[in-house]
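Here's a quick briefing to read with the model open next to you.

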Amino acid sequence: MLSFVRNQRFVRDRNGLMTAEQFRRLALSFPEAFESSHVNHPDFRVRDGKIFATLAYPDKNWGMVKLTPEQQGEFVQAEPEVFQPVKGGWGRGGATSVRLKAATQTILGPAMAAAWCHAAPKKLAREFEANLK
């Protein structure tokens with residue numbers, strides 16, 4: 001997945017900024033993704049229940065994608081107005097806040113795909129990546 005992320009161009013596409021509903025639709029577009037809830041926030045999980053994204057934390061203006069620390073560094077460096085590490089240990093582990101009003105599908109899509117692949121069972125993630133080629 002990291003090669004997929006590195007090959008993406010981070011193009012500023014201001015035609016439509018991300019809303020909570022668009023974030024939700026994007027998260028649910030991945031294979032076997034489903035919505036649940038954790039600590040009173042909507043979250044998005046894959047097959048075995050691993051969270052790859054959440055909405056409305058710390059408030060309704062934010063989302064979160066669960067990346068590896070290396071991926072987090074790449075996304076934060078490429079789009080610092082969109083991505084920032086979550087504070088504390090979760091952030092050091094790759095949890096990355098997404099400022100919805102600064103994000104677009106073009107920018108968030110690769111990060112969401114990386115988060116989904118990181119949480120998905122390995123075979124399912126490999127099948128997904130093979131379909132991208």
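A contact here means heavy atoms within 4.5 Å. With that in hand, M112 touches F23, L26, A27, F30, F52, A53 and V65, leaving aside residues up to four places away in sequence. Keep in mind that this is a predicted model: local features need pLDDT of at least 70, side-chain atom pairs count only at pLDDT 80 or more, and totals for chains, interfaces and linings use all residues. Numbering starts from 1 along each chain as its sequence is written, and side-chain values use heavy atoms, with hydrogens and water left out.

**Layout**
- The protein chain has six helices and six strands (DSSP runs numbered from the N terminus: H or I of at least four residues for helices, E of at least two for strands).
- Going along the sequence, the pattern reads α-α-β-β-β-β-α-β-α-β-α-α.
- Of the 133 residues in the protein chain, 44% are buried (under 20% relative accessible area; exposed is over 50%, partly exposed in between, with a 1.4 Å probe and protein chains only).
- Among contacts with a separation of 6 or more, 58% link residues 24 or more positions apart.

**Core**
- The largest nonpolar core holds 34 residues (buried Ala, Val, Leu, Ile, Met, Phe, Trp, Tyr and Cys joined through side-chain atoms within 4.5 Å).
- α5 gives this core its largest share, ten residues.
- F23, F52, V65, L108, M112 and W116 have the most contacts inside the core.

- In α6 (residues 122–132), the buried residues are L124, A125 and F128. They sit on the same side of α6 because they cover an arc of only 100° around the axis (taken from the directions from the helix axis to the C-beta atoms).
- β2 (41–46) and α5 (105–119) are among what covers those buried residues of α6.
- On the face of α6 turned away from its buried side, you'll find K122, K123 and R126 exposed.
- Over in α3 (residues 69–78), Q71, Q72 and F75 are buried. Down the axis of α3 they fall within an arc of 100°, so they line one face.

**Pocket**
- The largest pocket contains about 350 Å³ of space.
- A pocket is an open set of points on a 1 Å grid over the protein atoms alone, where a 1.4 Å probe fits, with protein on both sides within 12 Å along at least five of seven lines; lining residues have an atom within 4 Å of a point.
- Its lining includes H38, H41, Y57, K66 and W90.

Conventions
Points joined across faces, edges and corners; volume = space filled by probe spheres on them.
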